[in-house]
Amino acid sequence: MPKRLPEDPRLRGLISAQMSRRNVLMGAGGLTLAGLLAACGTGGTGSSSNTSASGGLSPAADLSDQEKEVNWANWTLYLDYDDSTQTYPSLEAFIKQSGIQANYSEDIDGNDTYFGKIQGQLAAGQDIGQDIITLTDWMAARLIRLGYTQELDHANIPNSANLLETLKNVDFDPGRKNSLTWQSGYAGIAWNKEAVPGGLKTVSDLWKPELKGRVEVLDEMRDTMGLLMMENGVDISGNWGANEYDAALEVLQKQISSGQIRQVKGNSYKEDLISGDALAVICWSGDITQLNFEEGDKWQFAIPEAGGTLWSDNLMVPIGSPHKKNAEALMNYYYDPVNAATAAAYVNFICPVEGAKEAMEKIDPELVDNPLIFPTEEDLSKVSVFRSLEADEETDFSNRFQQAIGN
């Protein structure tokens, strides 16, 4: 058997907490990763709602047998890509193997902003134009709780048995009835190695005078606030409250108002690293590895001395999707260890599939010991999961974070 992710309480917490990689606010009652934008549609096709006799939403009729297509919305730099052909090789292989046309779009820049675009159609049970969406644990929890996702047929996804044991039974989706992990990863700090030759060790290093106006932080509340609270000595997975949150928020507000922080962004912070507008960032681990590969090894990622955050993103089928079986075929494909390793070799986030490490030995042996894909016990000991929030905390903390960053 390949080496599994360690049975570390922090890793188990990754699953049981309802937040993660791209997180901002709101959870179930008012979380604002999903909260911020109002609900206008995103070009979905259905105009009628699917409502059951009991008043709940009913899944759309599955047209997979007649319509051999599947549409997948994901984050940027989150699937293997060939610049020369401008295609996604593993996805092209799926199309050839299955006969299903897979249409892939990098539509997700933040959980909140994306949810704001699709919320109205989801609430009406309409087709949003996507058969798979990829959202972070806490936002996945919200969609599942609201009935906005379809229950998966695991008979169509036999490779789902390869899901790492530590990720199989999460509290927001017991038995993984409505979701499967796409990737996991860390939030930490990164810097331009040439512009910051001494490097950075702590979040406080971002506030050095020479970096003024060239720092960016994530618009995901749990990642940015998580790192700020850990810098203040707070165990973010433990018992903390408004006082600890406020102290970190005060730091954030000060750095924004002083001009130390240039912008607060989602995935698009990578563009500012490339342009040089940003020299140091709070960021997501795999993004920096990808940028170094594509742009010439210009940046360094590190888990801060006080610790980083741990998160997961999840594949789900929206309630109005008319191609659920095709979506399940695509999920099954990427849960094959070879295909999982192929994707992981490009995205450089923590791979959730058993057997992928062994498969990686043939695909790219240099990555077998890459701790950003197959984490070490030492690295896992440095990261924590932002604890689950009560509904009133979720609303309060999220709203105040949004106010602080100017949204």
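Axes here are lines fitted to C-alpha atoms, for helices over the stretch in contact, with angles running from 0 to 180 degrees between N-to-C directions. This is a predicted model, so local features need pLDDT of at least 70 and side-chain atom pairs count only at pLDDT 80 or more, while totals for chains, interfaces and linings use all residues. Residues are numbered from 1 along each chain as its sequence is written, and side-chain values use heavy atoms, with hydrogens and water left out.

**Exercise 1. Which way do α2 and α9 cross, and which residues make the contact?**

Step 1: get the elements. Helices (H or I, at least four residues) and strands (E, at least two) are DSSP runs, numbered from the N terminus. Helix α2 covers residues 89-98 and helix α9 covers residues 324-334.

Step 2: do the geometry. The two axes come within 11 Å and cross at roughly 125 degrees. Angles under 35 degrees count as roughly parallel, over 145 as roughly antiparallel, 65 to 115 as roughly perpendicular and the rest as oblique. So α2 and α9 are oblique to each other.

Step 3: pick the hand. A crossing is left-handed if the near helix is turned anticlockwise from the far one by less than a right angle, and right-handed if clockwise. The α2 and α9 crossing is right-handed.

Step 4: list who touches (contact means heavy atoms within 4.5 Å). From α2 come Ser 90, Leu 91, Ala 93, Phe 94 and Gln 97, and from α9 come Asn 326, Ala 329, Leu 330, Tyr 333 and Tyr 334.

**Exercise 2. How many residues of α9 are buried, and what do they pack against?**

Step 1: set the cut-offs. Buried means under 20% relative accessible area, exposed over 50%, and partly exposed in between (1.4 Å probe, protein chains only).

Step 2: count. Nine of the 11 residues of α9 are buried, leaving the helix mostly covered. Among them are Lys 324, Glu 328, Met 331 and Tyr 334.

Step 3: find the partners. The buried residues of α9 pack against β1 (69-75), α2, β3 (132-136), β4 (180-192), β9 (308-316) and α10 (337-347).

Step 4: zoom in on one residue. Met 331 is buried at 1% relative accessible area. Skip its neighbours within four places in sequence, and Met 331 is in contact with Ile 132, Leu 152, Ile 157, Leu 180, Leu 315, Met 316 and Val 317. C-alpha to C-alpha, Met 331 and Thr 181 are 9.8 Å apart in space, though 150 residues apart in sequence.

**Exercise 3. Which salt bridges does Arg 400 form with Asp 246 and Asp 396, and how far apart are the closest N and O atoms?**

Step 1: A salt bridge is a side-chain nitrogen of Lys or Arg within 4 Å of a carboxyl oxygen of Asp or Glu.

Step 2: take Asp 246. Its closest N and O atoms in the bridge with Arg 400 are 2.3 Å apart. This pair links distant parts of the chain, with Arg 400 in helix α13 (residues 391-404) and Asp 246 in helix α6 (residues 242-257), 154 residues apart.

Step 3: take Asp 396. Here the closest N and O atoms are 3.1 Å apart. Arg 400 and Asp 396 sit four residues apart in α13, so about one helical turn separates them.

Step 4: check accessibility. Arg 400 is partly exposed at 21%, as is Asp 246 at 30%, and Asp 396 is partly exposed at 33%.

Step 5: look wider. The whole structure has 14 salt bridges. Glu 216, Arg 262, Lys 265, Asp 272 and Asp 277 are linked in a salt-bridge network.

**Exercise 4. Is Ile 274 buried or partly exposed, and what does it touch?**

Step 1: locate Ile 274, which is in helix α7 (residues 269-275).

Step 2: read its accessibility. At 38%, Ile 274 counts as partly exposed.

Step 3: list its contacts. Not counting residues up to four places away in sequence, Ile 274 touches Leu 291, Glu 295 and Trp 299. Leu 291 is 17 residues from Ile 274 in sequence and 8.1 Å away in space, C-alpha to C-alpha.
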